[in-house]
Amino acid sequence: MRSIWNGSISFGLVTIPVKTYSATDRTSSVSFVRIHEKDGAQIQYRKICELDGEEVPNEEVGKGYQAPGDDTIVPITDDDLSRLPMPTAKTLSILSFTDPDEIDPLQMDKAYYLGPNGAAATKPYALLREALEDHRKVAIGKVAMRGRESLAMLRAHDGALVMHTLLWPDQIRPVTGVAPDDVELRENELTLAETLMDSLGELDPAELHDDYREAVEELVAAKLEGEPVAPAASGTSGAQVIDLTAALEKSVRAARGGGEADAEAESASVTPIRGRKTAKRGEAERGAAKKSGTAAKKSSEKTAPDAAKKAPAKKAAAAPKAAGGRAKGTSTARKTASAGTSQKSTASKSTTSKSATKNATAKKTAAKQTAAKKTGKRSSA
């Protein structure tokens, strides 16, 4: 990594020489060049003098200051700027330490890595870094870079010191006329919104990437190979009147892993960012599975007796619905019933005759025994 600026950090009476490196890379973003549509040649930008109309070489280009609302341009040279009283030239002068929450993100401008410049700067560099980490503070100061002075914030990050240049407070525009006033929100809407926030899970920065850049690269590759360009999918307008509560409920279900089909049908459904981890999805699914299992068990226990009671009635009611089934079913049932009745009557008659025969035999035997006894008594006498 190439250093772009050398300076120092002024921390009380301690001076820490540092090297500055760009912390961001904007070259990976999509950028286009201007071409002549007629022949496809790239259009060049030339510096043309307004007075003589001639092209000006880079070594003859200087600086000038034009006051707002004034057409007069005052030439400014590098020597003029070097004579200005600028104590922060090539030095980040720390003014105070504050909590990170006190810095408005709107003031964040550019980010730079700061590394120690030389062996002597290693120990004070590490001391300031550890102090910022342990105290959970950020340093606020002023620095002059590339001919201008700006606010700067210094913080510890991943074992290094990071400097963020900040915009001045008067460079932040007021929010007047932007936000709506007097909007009534219901309690259940706030609850659903907070539930959706908790259900979306954690964000993995390593899996985030520029989808638009990939689409442009695929488009360029298709054009180079002479392949037809696929038409873009037609999107629906977002300015639709929706039921906010229903949209929030479906969004929560989609974030938890269920109801994706229902959520996709609504224009206000949430589209998860690629790389987003639904950390709470597993817990929600296990809880939903337990609840559904318990509900199914209770439902089966509750409906089983009713189903058993209703089954004969359904079968009996289903028989007459068949074409011609009513007469046949009724006659067959009557014949079967009469056959059963005749069998029962025959069996009862058979049982009655057998019992009568037994009674008659028993009476005859008893009479013979009585006659024998009487005959025995007479002979003994």
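Analyst: Helix α4 covers residues 211-225, and at 1.5 Å a residue its 15 residues should span 21 Å, which agrees with the 21 Å between its end C-alpha atoms; the expected span is 1.5 Å times one less than the number of residues. Helices here are DSSP runs of H or I with at least four residues, and strands are runs of E with at least two, numbered from the N terminus. This is a predicted model, in which local features need pLDDT of at least 70 and side-chain atom pairs count only at pLDDT 80 or more, while totals for chains, interfaces and linings use all residues. Residues are numbered from 1 along each chain as its sequence is written, and side-chain values use heavy atoms, with hydrogens and water left out.

At the start of α4, a side-chain oxygen of D210 comes to within 3.1 Å of the backbone nitrogen of Y212, and after the helix comes G226, whose phi is positive, near 75 degrees.

Helix α3, residues 187-199, can be checked in the same manner: its 13 residues should span 18 Å, and its end C-alpha atoms are 18 Å apart, which agrees. Within α3, E189, L192, L196 and S199 are buried, that is, under 20% relative accessible area with a 1.4 Å probe and protein chains only, whereas exposed means over 50% and partly exposed lies in between. Seen down the axis of α3, the buried residues fall within an arc of 90 degrees, so they line one face of the helix; the arc is taken from the directions from the axis to the C-beta atoms. The face turned away from that buried side carries the exposed residues E187 and M197. The buried residues of α3 pack against α5 (244-255), with contact meaning heavy atoms within 4.5 Å. After α3 comes G201, whose phi is positive, near 85 degrees.

Note on methods. A polar contact is a pair of N or O atoms within 3.5 Å; within protein, one must be able to donate a hydrogen and the other to accept it, and residues adjacent in sequence count only if both atoms are side-chain atoms.
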